[in-house]
Amino acid sequence: MKWAQGIDKLGLTLYFLLCAFAIANIYSVEPASGIRQAIWFGVSVFVGIVIFMMRTKFFENMAGIIYIVGLLLLIGLFPFGTEILGQKNWYKFGPVSLQPVEFAKIGTALMLANYVSGPDFNLKNRKSLWTSLAIISVPAVVVLLIPDVGSLLVFIAFFIALYREGLSGWFFGVGFIFAAVFLVSLAIDPLYVVAGIVLLAGIAVFLNKNRIHWNLVSIAAIVGSVGILSGLAYTTPTVLEKLPKHQRERIEVLYKGEKAFRDTSGYNLLYSKTAIGSGGFWGKGYREGSVTQGKFVPEQSTDYIFCTVGEEWGFFGSTLLVIAYSVFIGRIYYLSEKQKSTFNRVFGYCFASILLIHFSINLGMVMGLFPTVGIPLPFFSYGGSSLLAFSTMTFIFFKLNYTDRNSLV
C-alpha cells in the first residue's frame, strides 16, 4: 500500500510487542491493573492515530507552547499535587492519576530540538550553549525541588542529544568524576579519597606538563579542581546522613547488601532477586511464579515488573525482552541518524536516550546494581501517564520519520 511506505514497520512492531507482553505480565501480578493498562494502551494507540493525521510542522511550531505547558504543570504540583508513596509528583482526578514529569520530558525534547535546528545555533557559541543548557535545566531544577531524583537522572538524556550535535565530552567527563568521587566517598574514608584525588591529579599534571600553559589561571584551575573534589569527598558522608532514612538506606543497600535492610529498604530488592533467580532458564510458567503470585514484592506491577518476567519466563524470556528493548532503542538511534531534518534528528536522539536511561536504571535497580529511585520500565511498568507519554514520543518520532522518508527535499 502506497500510504504505508515510510512507516517503520520494525519499530512499530517492537512497540506493539513490548506493550502486549507488558499487559500480560501486569495482568499476571494484578488482573485489574492489567485490564486498566490495556485500556490505557487503547488510548495511546488512538493518540498515535491522531498524531499520524497531524501535520509534522505542528510539533516544531508548537514546541515552545508544549514546553511551557509542561513546565507549568510541574510547578502546579507544589500547590495542587497529591502525595503518593512519599512524593508529591502526581495530580489526582478521581480514579485517574497524572504524573506531569512524563509529559515535561516530551516538551523539553521538542523545545531542545526546535532550538538546535535554528539557523543561528552553534554550540561553540556561548549563547547557544547556555540557552541549550537553560532549556534542560529549568524543568530539571523544578523536578529536583519536588523532589523526584529518579526523573532528574533522566534529564541526562538531553545532554546525550547535545553531544551528538557537538557538545564537548568534558561535560560527561566532569560529571563522571563527580559521581565517582561521591560514590567512593560513601564506602571509603574521605581522607583516603582525597589522597587518591591528589595522587591522580599529580599523575595527570606530570603526563601533560608539556601541554599545560603554566600561568596563574591554569594553576588556580588545577588547585581549584582538586579542592572542589576534596570538599565533595568530605561532605558526602554528611549529605548522606541528612537524607531521609528511606533514601539513605536505599544508597547503603548497594554497599551493605539488601539483607542488612531486609525489613525496610532492602525488602523489595531481596525478593526481586529471589523472584528472578527462582525462574531458572525457562521460568516457572505464566501466572505460576510463587513470589509473583504471593505478592511478596511491593510495586511489582510498576517499578519492579521485570522480576515478574524473570520468575515466570526465566533467563530465556528475560534475555528476549532485553534484546527487544536493545533493538528498539538502537533502531531509534539509527533512524535518527538518517533524518534529513535537524529537528527530527535531535528529537530522535532525545527520545532514544530517554528510553536508554529508563531501561538501564530500571534493570539495574531490580538487580541491585543501582539504588531504588522510582524509574519505570518504558511501555512495561503499570501506569497510564508513563505509557501514554512514551507512546506519544514513539508516534511523534515515527510520524517525523514517515514524513522525512516521503520528503523529496
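# Briefing: ring pairs, salt bridges and surface

Phe172 is partly exposed, its relative accessible area being 31%. The model in which this residue is described is a predicted one. A search of the whole structure finds 24 aromatic pairs and 7 salt bridges, whereas the count of disulfides comes to 0. On the surface, a nonpolar patch brings together eight named residues, among them Leu10, Phe315 and Val327.

**Aromatic pairs**

- Across the whole structure, the search for ring pairs returns 24. In one of these, the ring centres of Tyr163 and Phe172 lie 5.6 Å apart with the planes at 85 degrees, so the pair is edge-to-face.
- An angle over 60 degrees is what counts as edge-to-face, and the 85 degrees between the planes of Tyr163 and Phe172 therefore meets that condition.
- Both partners of this pair are partly exposed: Tyr163 has a relative accessible area of 47%, and Phe172 has one of 31%.
- Ring pairs also link a cluster made of Tyr15, Phe16, Phe41, Phe52, Phe328, Phe379, Phe390, Phe395 and Tyr402.

**Nonpolar surface patch**

- Helix 16, spanning residues 306-337, supplies the largest share of the patch, namely 5 residues.

**Salt bridges**

- Side chains of opposite charge can pair when their charged atoms come close.
- Glu60 forms a salt bridge with Lys57, and the closest N and O atoms of this pair are 3.4 Å apart. Glu60 and Lys57 are 3 residues apart in helix 3 (residues 57-61), which means that about one helical turn separates them.
- Within this pair, Glu60 is buried at a relative accessible area of 18%, while Lys57 counts as partly exposed at 46% relative accessibility.
- Arg345 forms a salt bridge with Glu165, with 2.9 Å between the closest N and O atoms. Arg345 lies in helix 17 (residues 342-366) and Glu165 in the loop between helix 9 (156-164) and helix 10 (170-187), so the contact ties together parts that are 180 residues apart in sequence.
- Arg345 counts as buried, with 13% relative accessibility, and Glu165 is likewise buried, with a relative accessible area of 19%. The value for Glu165 falls under the 20% that defines burial, and therefore the residue is classed as buried.
- Asp404 and Lys340 meet through their side chains in a salt bridge, at 3.6 Å from N to O. Because Asp404 lies in helix 18 and Lys340 in the loop between helix 16 and helix 17, the pair ties together parts that are 64 residues apart in sequence.
- Asp404 counts as buried at 8% relative accessibility, whereas Lys340 counts as partly exposed at 48%.

**Cysteines**

- The structure contains 0 disulfides by the distance rule. Cys19 is in no disulfide, and the nearest cysteine sulfur, that of Cys307, is 19 Å away.
- For Cys307, which is also in no disulfide, the nearest cysteine sulfur is that of Cys19, at 19 Å. A disulfide calls for sulfur atoms within 2.5 Å, so the separation of 19 Å excludes the pair.
- Cys19 is buried, at a relative accessible area of 2%, and Cys307 is buried at 0%.

- Helix 18 covers residues 384-406, a run of 23 residues, and its first and last C-alpha atoms are 32 Å apart. This reach is close to the 33 Å expected at 1.5 Å a residue.
- Helix 18 is mostly covered, with 20 of its 23 residues buried.
- In helix 13 (residues 245-256), the buried residues are Arg248, Glu249, Ile251, Glu252 and Val253.

**A loop residue: Leu369**

- Leu369 is found in the loop between helix 17 and helix 18.
- At 64% relative accessibility, Leu369 counts as exposed.
- From C-alpha to C-alpha, Leu369 and Ser218 are 38 Å apart in space, and 151 residues separate the two in sequence.

Conventions. Residues are numbered from 1 along each chain as its sequence is written. This is a predicted model: local features need pLDDT of at least 70, side-chain atom pairs count only at pLDDT 80 or more; totals for chains, interfaces and linings use all residues. Side-chain values use heavy atoms; hydrogens and water are left out. Patches are made of residues with over 30% relative accessible area and no salt bridge: like charges are joined within 9 Å, nonpolar side chains (Val, Leu, Ile, Met, Phe, Trp, Tyr) within 5 Å. Accessible areas come from the Shrake-Rupley method with a 1.4 Å probe; for residues, only the protein chains shown count as cover. A salt bridge is a side-chain nitrogen of Lys or Arg within 4 Å of a carboxyl oxygen of Asp or Glu. Helices (H or I, at least four residues) and strands (E, at least two) are DSSP runs, numbered from the N terminus. Rings of Phe, Tyr and Trp (its six-membered ring) pair if their centres lie within 6.5 Å; planes under 30 degrees apart count as stacked, over 60 as edge-to-face and the rest as tilted. Buried means under 20% relative accessible area, exposed over 50%, partly exposed in between (1.4 Å probe, protein chains only). The expected span of a helix is 1.5 Å times one less than its number of residues.
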